Structures are given as structure tokens and as C-alpha cells.
Amino acid sequence: RQQVVLEDLRRALSLPELPHRIEAFDISTIQGHETVASMVVWQDGDMKRDDYKRYKIRTVVGTDDFASMQEVLTRRYGKALETDGALPDLILLDGGRGQLNAGIKALEALGLDYVPIASLAKRAEEVYVPERLQPLVLDMGSPALQALQRIRDEAHRFAITYHKKLRQRRAIASVLDQIPGV
């Protein structure tokens, strides 16, 4: 079954090789506060929780999903280049054409424009890839689409969980916490 999923993903997204490792990203924010990003890893059919990462968005002010996505990809893959870290076989972004374009821009700036990238929009479950102007509409029963949905949903869950944790911390914070010894 796993081989079928890998083949279906390779064929559907026109990938050069089977996508053994997929890294998926999502952004979570409410009105530009506590903006965070998540990265989850799917490897050979299983979520690899030890490789998950959480990011606080540092440079983007307000609500700007595209700039936030660009920042997190630049940070993740910039660090991978510095440390000779492994690159994924596919980068999956939660979102549509705008998120994909932000991702492409970040990868091009790092010289990684050869790494396959796609985005999955929730509303109609459309898959956006760089080579096509129109989104791919995969059959809802397709193993490729179902795998992409599971990975995207896990990235979303992980981002929301981190965002809620930071929001809760901020909600119970007090100016008294900043006084030394209190």
C-alpha cells in the first residue's frame, strides 16, 4: 500500500523521484498576534514526530501569511544549508497559490529552487504546483490526495496547538511577572 501512495504522489505531482520524505508547513495567527509556524515530517508513510519543529514568526508584523511562510522556509532551509542537513523530497504548504509563490520565492533566494514544492488549499482540496497556472484537482479517493490531506491536517493541528499554548501563556501574564523576585 505504501508503494502505491508513493507512486501516486510521484505521478500526480510530476516529481522526479518517489517522495520518501515530505515536510509540511502551516501558519497560525489571530489578528497578527502570536504568529507561529509548524513543520511536520512524513517519512515513508508515517509521521516522524521527533523531526517536528515549531517557529515563532519574528520579522512579520501583523497578519501576512505569505511573508510568514517565506520567513519560516528561509529559516528552516537556510539552517539546513548551513549544517548540511537533509532536504525533503517534497515541501508541502498549507494554502493556495499565494503561499506557494511565497515558498518558491524563499527557495529561489536560497538557491534551492530544484526542491519540489506544492501547496494544498483546504476549500476545494486543490493542489498547486509551480509548473501549472491552474490547480490540480485530484480524485477525492486518490491515495496521493488522501496522503497530502493527512500531512496538511497534521501540520495544521501542530500549528494550532502551539498557537493556543502561546496565547494562553500571554492571557495569564501579568506586569508583576516582570518584577525581579516576584
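In the predicted model, residues 24 or more positions apart account for 61% of the contacts in the protein with a separation of 6 or more. The protein has 182 residues, of which 47% count as buried. Four helices and seven strands make up the secondary structure, and the order of the elements from the N terminus is α-β-β-β-β-α-β-α-β-β-α.

Helix H1 spans residues 2-12, and its buried residues are Val5, Leu6, Asp8 and Leu9. These residues lie on the same side of H1, because the arc that they cover around the axis is only 165°.

Two packed helices are described by the angle between their axes and the distance between the axes. For helix H2 (residues 65-82) and helix H3 (residues 97-110), the angle is about 35° and the axes are 8 Å apart. The crossing of H2 and H3 is right-handed. On the H2 side, the contact is made by Asp65, Phe66, Met69, Gln70, Leu73, Thr74, Tyr77, Gly78 and Leu81. H3 contributes Gly98, Gln99, Ala102, Gly103, Lys105, Ala106, Leu107 and Leu110. Sorted by class, the residues in the contact of H2 with H3 are nine nonpolar, six polar and two charged.

The loop between strand S4 (53-56) and H2 contains Gly62. Gly62 is partly exposed, its relative accessible area being 28%. The C-alpha atom of Gly62 is separated by 9.1 Å from that of Thr29, a residue 33 positions away along the chain.

Backbone phi values were also examined in the loops. Most residues other than glycine have a negative phi. Asp44, in the loop between strand S2 (33-43) and strand S3 (46-47), has a positive phi near 50°. The relative accessible area of Asp44 is 36%, and the residue is therefore partly exposed. Glu125 is a further residue other than glycine with a positive phi, here near 55°. The position of Glu125 is in the loop between strand S6 (117-121) and strand S7 (126-128). With a relative accessible area of 13%, Glu125 is buried, since the cut-off for burial is under 20%.

How values were computed. Residues are numbered from 1 along each chain as its sequence is written. This is a predicted model: local features need pLDDT of at least 70, side-chain atom pairs count only at pLDDT 80 or more; totals for chains, interfaces and linings use all residues. Side-chain values use heavy atoms; hydrogens and water are left out. Buried means under 20% relative accessible area, exposed over 50%, partly exposed in between (1.4 Å probe, protein chains only). Helices (H or I, at least four residues) and strands (E, at least two) are DSSP runs, numbered from the N terminus. The arc is that of the directions from the helix axis to the C-beta atoms. Contact means heavy atoms within 4.5 Å. Axes are lines fitted to C-alpha atoms, for helices over the stretch in contact, and angles run from 0 to 180 degrees between N-to-C directions. A crossing is left-handed if the near helix is turned anticlockwise from the far one by less than a right angle, and right-handed if clockwise. Ala, Val, Leu, Ile, Met, Phe, Trp, Tyr, Cys and Pro count as nonpolar, Asp, Glu, Lys and Arg as charged, and the others, Gly among them, as polar.
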